[in-house]
Each structure stands twice: as structure tokens, then as C-alpha cells.
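Please consider the sequence and the structure shown below.

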Amino acid sequence: MLNKMIVMGEKETFIVRVLIKKVMDAGIDCCYVPYSIDEINSHITDGLLIAICIDDSERPKVEVLHFLVDKMMENGLKMIIVGDQSDKRYICDNVPGELIHETFTRPVDNMLFVKTVTDYFKKMNAGEFKKSILIVDDDPQYLMLVREWLRDKYKVSMANSGLQAIKWLGKNKVDLILLDHEMPITSGPQVLEMLRNDEETKSIPVMFLTGKGDKKSVMAVVALKPEGYFLKSILREELIEKLDEYFALHK
């Protein structure tokens, strides 16, 4: 995977050029991007790390920051801030804390900056920043299909029964469970009840997977008050879009 970074600033100043060179010397693709909505829109891609460098020049306007935040949330990105205390406070007031990876006060320790960037990409490539999803379904073919759909964007684990899922959750953490509603032995509703009766698992969000789309079946699923549900006929692109929307709203 090609590690890519952009350094944003009002101008391509000496400090910006130094940071870009240091990062590129460490083997990371990096370029300068001005505070421009059009430029941001053309450079934002998945897996990108963003640095905002404010060094005696103008800060990015609030509307630019808000556009940047929307694009970052849409693509699951993080940012590094470089500036004095008031500059960092200004950015932090306009950017949600969960999007900020690290902050640096000028003058920047270049070695520490580069180490922070390289460590970030090591963790990202190891999947440490991905949201984790547990898929629970008794159909092994469907399990593998959904895993293949999601594995590039999410950290995916699988369980082929409700009891296996409960056992797995006793040792592992997860951000979301996709739970088959119609399973033999221990059904989806029974698994959900067990999860909600356990202090360790009761707060884990659950979305049902169901093969039945008739009104009666859907109402039975909704009555259990999961975070949501998906018909098993859903297409890959729609499933990923819905999951991205869910995580963007529940950061």
C-alpha cells in the first residue's frame, strides 16, 4: 500500500517544505495543498494522512475546515496539527477530537514529527484504526461473502453460531455485530437477549441480517430494537455505504 500524506498551509512556506522533505525521505508520498475547497476535494483519498501547518500565516477559514471535516469523516481520515497554542486551539474548536491524531507546537521537532507519521502508517497498515465488525451467521458461504466485501475497509471477524459469538466476545472487543436473525439452536433474537443481559456486551451495537423482507418479518426484527437491519439480498456497495454512514454518525 502506498502511504500518502498532504501538508496544508496558507502558503508553501519554508517549514512546510521542510516537513514535506523529511516525510518523503522516510518513504512516504507527500505534497503541499493550499486551504482551498477545490484542492482539498481533488486530493482527498482513502488512507490519507493530513497535516495542517500554521506558521505566521493565515489560518484556514471555518468553512474550509468544515468541508475538510466532512471529507475526513466520509473517508475515515486523521489529522496532525502544527502551530502555536492559539492556532491549535482554533483548529481543535472546529475539528472533532476523534479526527485529530496528534498536535505539535512550533518549533517542530522534525524527528518526532516523522516518527509520528511513520508510526501512524504502520498502525494503519496493520488495521489498528479500522472499525471492527463481528459477523454471526450459520451459513459459511454467506459469512465468507460478507467478509470479502468488508475486509478492505473494516477489521472483520466471523462466528458461525450464536454460542460461538458469545464465547468470542468474552475475549475480544468489537464495534458492531452483524447478526443473522434466523439461526438454528440459538436464534438471533436469543443471542441479542444474551448480549443485553451481560454487562460486558450490553452496549455493543447490533444490526440484524435477515432473509425475510415481508412486512410481518421486518416488524418482528424492528420490535427487538437493534441499531438497524439489512436484508441478505443487499448489494455490496449499499452495505458498505450504510455501514460507513452508521460509523460516521456514531463516532
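The model is predicted. Two packed helices are described by the angle between their axes and the distance between the axes. In the pair formed by helix α3 (residues 62–75) and helix α4 (residues 85–94), the angle is about 55° and the axes lie 10 Å apart. α3 is therefore oblique to α4. The crossing of α3 past α4 is right-handed. On the α3 side, the contact involves Val-62, Leu-65, His-66 and Val-69, which meet Tyr-90, Ile-91 and Asn-94 of α4. Of the residues in this contact of α3 with α4, five are nonpolar, two are polar and none is charged.

The other pair consists of helix α7 (residues 162–169) and helix α8 (residues 188–196), whose axes are 10 Å apart and form an angle of about 20°. Because angles under 35 degrees count as roughly parallel, α7 is described as roughly parallel to α8. α7 and α8 also form a right-handed crossing. Here Gly-162, Leu-163, Ile-166 and Leu-169 of α7 meet Val-191, Met-194 and Leu-195 of α8. The contact of α7 with α8 comprises six nonpolar residues, one polar residue and no charged residue.

The remaining feature concerns Ser-132, which belongs to strand β6 (residues 132–136). With a relative accessible area of 13%, Ser-132 is buried, because buried means under 20%. Apart from neighbours within four places in sequence, the residues in contact with Ser-132 are Lys-155, Lys-173, Val-174, Asp-175 and Leu-176.

Technical notes:
Residues numbered from 1 in each chain as written. Predicted model: local features only at pLDDT ≥ 70, side-chain atom pairs only at ≥ 80, totals over all residues. Heavy atoms only, no water. Helix = DSSP H or I, 4+ residues; strand = E, 2+ residues; numbered from the N terminus. Buried < 20%, exposed > 50% of the residue type's maximum accessible area, 1.4 Å probe, protein only. Contact = heavy atoms within 4.5 Å. Axes fitted to C-alpha atoms, helices over the stretch in contact; angles between N-to-C directions. Parallel < 35°, antiparallel > 145°, perpendicular 65-115°, else oblique. Left-handed = near helix turned anticlockwise from the far one by under 90°. Nonpolar A, V, L, I, M, F, W, Y, C, P; charged D, E, K, R; others polar.
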